[in-house]
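Welcome! Open your viewer, get the selection tool ready, and follow along stop by stop.

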Amino acid sequence: MKQFITLSIFLLAGFIGFAQGKSKEKTKDKQKTDKTVQTTNGNNNTNSGQNSANTQQNGNSKVRKNIPTKVGSAFAGEYPNAVNATWTKNRGDWTVVFGNGVWRSTATYHSNGERVDTRTPMAREQAPRPVLDEILRRFPKGSPTDVIKIEKPKNPSLFQIMMEQAGKKRTFVFDEKGKLVSEQ
């Protein structure tokens with residue numbers, strides 16, 4: 001009889017603990033869902049320029065639903081085929097991460113709708129031939145780990161190349177003609 005009562009108490013305690021664990025998981029899932037705000041085609045939630053209470057803290061930036069009309073319109077005009085756009089605001093600038101064909105691009109805008117730049121990762125083989133030739137000339141045994149295309153309005157595209165040599169990471173920026181612009 002004592003064993004039956006003891007077993008019943010343990011089972012009851014187990015069910016209570018299990019039920020509380022499920023409740024906490026649901027709360028965590030809801031909080032995760034609330035932190036990410038996504039729009040489709042970059043056109044949703046772009047008609048309000050106010051800072052709303054619908055913001056969540058995410059590191060140094062805030063994930064936003066309501067973006068300024070000028071910013072949303074500029075983005076929709078420049079990237080009409082963008083999908084799954086996620087907006088954040090950091091230090092007064094608006095950043096959107098969006099699907100751009102095969103890649104996920106990141107574009108940054110000032111509050112007046114002026115685009116700062118767009119960064120898109122790409123396969124090494126897609127970089128312009130002069131850039132690849134210059135990398136091979138400088139580092140015959142090296143191979144880029146990452147290639148990012150940087151597009152700025154009214155400027156030629158730049159290509160940020162990350163390389164690893166002897167365990168040390170180095171970053172180079174080349175223009176389309178293969179000229180080295182900066183090195184870090």
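Begin by selecting Phe-75 and Trp-87: both are buried, where buried means under 20% relative accessible area, exposed over 50% and partly exposed in between, with a 1.4 Å probe and protein chains only. Before going on, note that this is a predicted model, in which local features need pLDDT of at least 70, side-chain atom pairs count only at pLDDT 80 or more, and totals for chains, interfaces and linings use all residues. Residues are numbered from 1 along each chain as its sequence is written, and side-chain values use heavy atoms, leaving out hydrogens and water.

**Stop one: the rings**

The structure holds 8 aromatic pairs; rings of Phe, Tyr and Trp (its six-membered ring) pair if their centres lie within 6.5 Å, with planes under 30 degrees apart counted as stacked, over 60 as edge-to-face and the rest as tilted. How are the rings of Phe-75 and Trp-87 arranged? Their centres are 5.3 Å apart and their planes at 80°, so this pair is edge-to-face. Phe-75 lies in helix α2 (residues 69-78) and Trp-87 in strand β4 (residues 83-90), so the pair ties together parts 12 residues apart in sequence. Helices (H or I, at least four residues) and strands (E, at least two) are DSSP runs, numbered from the N terminus.

Tyr-79 is buried at a relative accessible area of 13%, and Phe-98 is buried at 0%. Select Tyr-109 as well, and you have one aromatic cluster of Phe-75, Tyr-79, Trp-87, Phe-98 and Tyr-109.

**Stop two: a buried serine**

Next, pick Ser-105 in strand β6 (residues 103-109). Is Ser-105 buried or exposed? Ser-105 is buried, with a relative accessible area of 0%. Its side chain makes polar contacts with the side chains of Asn-100, at 3.1 Å, and Thr-120, at 2.8 Å. A polar contact is a pair of N or O atoms within 3.5 Å; within protein, one must be able to donate a hydrogen and the other to accept it, and residues adjacent in sequence count only if both atoms are side-chain atoms.

**Last stop: a hairpin**

Finally, select strands β10 (residues 168-175) and β11 (residues 180-183), which pair in the antiparallel sense over 3 bridges; pairing requires that DSSP finds at least two bridges between two strands. Phe-174 has Leu-180 in β11 as its bridge partner. Between the strands of this hairpin are 4 residues, and Gly-178 takes a positive phi near 90°.
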